[in-house]
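Here is a friendly walk through one protein model. Keep the sequence and the 3D view side by side as you read.

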Amino acid sequence: MINLYDIRYLRIGTSNLDSAIEFATRIVGLQLVGRDGKAAYFRSDNTAVRGDTRDHTLVYVEGDPSNHAIGFDLRNAEEFDDAGAQLERAGHNVHYGTQQECELRRVRQMLSFNDPTGNRIEVVARPFHTGLRYHPARGAGITHFSHIGLRTSNAPRDEAFWTRLLNARVSDWIGDAPLLRINTIHHTLALFPSPNPGVQHINHQVEDIDDVMRSYYFLREKGVKIVFGPGRHATSSAVFLYFEGPDKMVYEYSVGVKHILPQDEAGYRPRQFPFAPESFCMWGSLPDIPEFRSDKKEESTPLRSAA
Ligand SMILES: [Fe+2]
């Protein structure tokens with residue numbers, strides 16, 4: 001088994017780097033920390049909340065907007081070679097990062113492969129941290145980049161990939177979609193059925209519910225399309241707000257995500273929720289996000305009386 005520790009970064013293509021930078025800084029509230037040639041790097045971590053500050057957590061790269069790569073680091077950097085060997089034994093074509101590729105990602109080692117859906121996954125060892133403080137262009141209250149929604153062409157198959165070859169555990173299901181944890185956070189990735197691969201949404205945690213509501217009014221005033229919320233997830237208990245960014249990428253702010261602590265791991269049982277609006281939002285907000293919308297009314301049919 002390959003022991004991932006945390007999500008480190010996303011690398012996302014864009015056809016317009018300047019407008020992607022504008023959105024990431026002035027709307028989302030990330031800090032631009034570098035622009036090197038055709039890529040822009042953003043930081044998001046508040047050390048006081050997260051305990052450390054990743055060098056960067058998002059990169060926009062000039063190119064095809066459907067090019068997405070997701071970077072994870074290992075619990076133990078010494079397991080890097082073994083991780084590559086396990087992936088190759090499982091039939092995955094593993095690319096070992098060149099020195100230049102590692103420098104661009106600001107890591108000591110990197111390998112990449114495709115998950116069964118075709119999502120580009122990168123596993124890194126000894127990624128850079130920074131001693132510099134995160135200071136965003138807009139005070140959205142972001143404390144850190146926390147999780148992604150990832151598209152899957154076959155949720156049970158990809159759940160098995162992430163939970164057997166890698167160390168992900170199912171925290172809950174909504175329909176077929178597993179919400180997966182690799183550390184104490186309820187989910188670091190969630191697999192949503194979709195006809196296409198790629199990142200489905202990008203989550204940043206914010207300090208408190210006031211930040212969610214401040215952003216709701218801020219985004220509306222700026223003409224940004226709100227696609228879900230404000231609401232509260234029935235699964236992770238987090239209060240959320242989803243909005244649309246460049247190339248229709250969905251961004252999320254949330255606060256209050258549940259943790260499953262080491263002492264609770266042994267007794268924790270994932271819960272099955274129906275694929276229904278109330279499983280995504282217990283307040284009644286309806287998603288304008290294709291992967292969250294349910295046309296399967298049978299699963300949300302009210303219970304019949306026993307009489
Ligand atoms: Fe989310």
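The paragraphs below go from the overall fold to the metal site, the salt bridges and the surface.

This is a predicted model, in which local features need pLDDT of at least 70 and side-chain atom pairs count only at pLDDT 80 or more, while totals for chains, interfaces and linings use all residues. Residues are numbered from 1 along each chain as its sequence is written, and side-chain values use heavy atoms, with hydrogens and water left out.

Let us begin with the whole chain. The protein chain has eight helices and 17 strands; these are DSSP runs numbered from the N terminus, with helices (H or I) of at least four residues and strands (E) of at least two. Along the principal axes, its C-alpha atoms fill a box of roughly 70 × 50 × 40 Å. The radius of gyration is 19 Å, which agrees with the value near 19 Å for a compact globule of 307 residues; it is taken over C-alpha atoms, and the globule rule is 2.2 Å times the number of residues to the power 0.38. Of the 307 residues, 55% count as buried, where buried means under 20% relative accessible area, exposed over 50%, and partly exposed in between (1.4 Å probe, protein chains only).

Now turn to the iron ion. Its protein donors are His147 (NE2), His201 (NE2) and Glu252 (OE), lying 2.0 to 2.2 Å from it. Donors here are N, O and S atoms within 2.8 Å of the metal (3.2 Å for Na, K and Ca), and sites may look incomplete because water is not among the atoms. In sequence, the donor residues follow the spacing H-x53-H-x50-E. The two histidines link distant parts of the chain: histidine 147 sits in strand β9 (residues 142-152) and histidine 201 in strand β13 (residues 199-206), 54 residues apart. Histidine 147 counts as buried because its relative accessibility is 3%, and histidine 201 counts as buried at 2%.

What about the salt bridges? The whole structure holds 19 of them, each being a side-chain nitrogen of Lys or Arg within 4 Å of a carboxyl oxygen of Asp or Glu. A network of salt bridges links Asp6, Asp45, Arg50, Asp52 and Arg54. Within this group, aspartate 45 pairs with arginine 54, and their closest N and O atoms are 2.7 Å apart. Aspartate 45 is buried, with a relative accessible area of 0%, and arginine 54 is buried at 0%.

Another salt bridge joins aspartate 55 and arginine 106 (2.8 Å, N to O). This pair connects the loop between α2 (47-50) and β4 (58-62) with the loop between α4 (99-105) and β7 (107-114), 51 residues apart. Here aspartate 55 is buried at 7% relative accessibility, whereas arginine 106 is partly exposed at 34%.

A further bridge brings arginine 169 and glutamate 265 together (3.1 Å, N to O). Arginine 169 lies in strand β10 (residues 169-174) and glutamate 265 in helix α7 (residues 262-265), so the pair ties together parts that are 96 residues apart in sequence.

Finally, visit the surface. Ile209, Met282 and Trp283 form a nonpolar patch there, with about 320 Å² of accessible area together. Patches are made of residues with over 30% relative accessible area and no salt bridge, with like charges joined within 9 Å and nonpolar side chains (Val, Leu, Ile, Met, Phe, Trp, Tyr) within 5 Å; accessible areas come from the Shrake-Rupley method with a 1.4 Å probe, and for residues only the protein chains shown count as cover. Tryptophan 283 is found in the segment after α8 (277-280) and is partly exposed at 47% relative accessibility.
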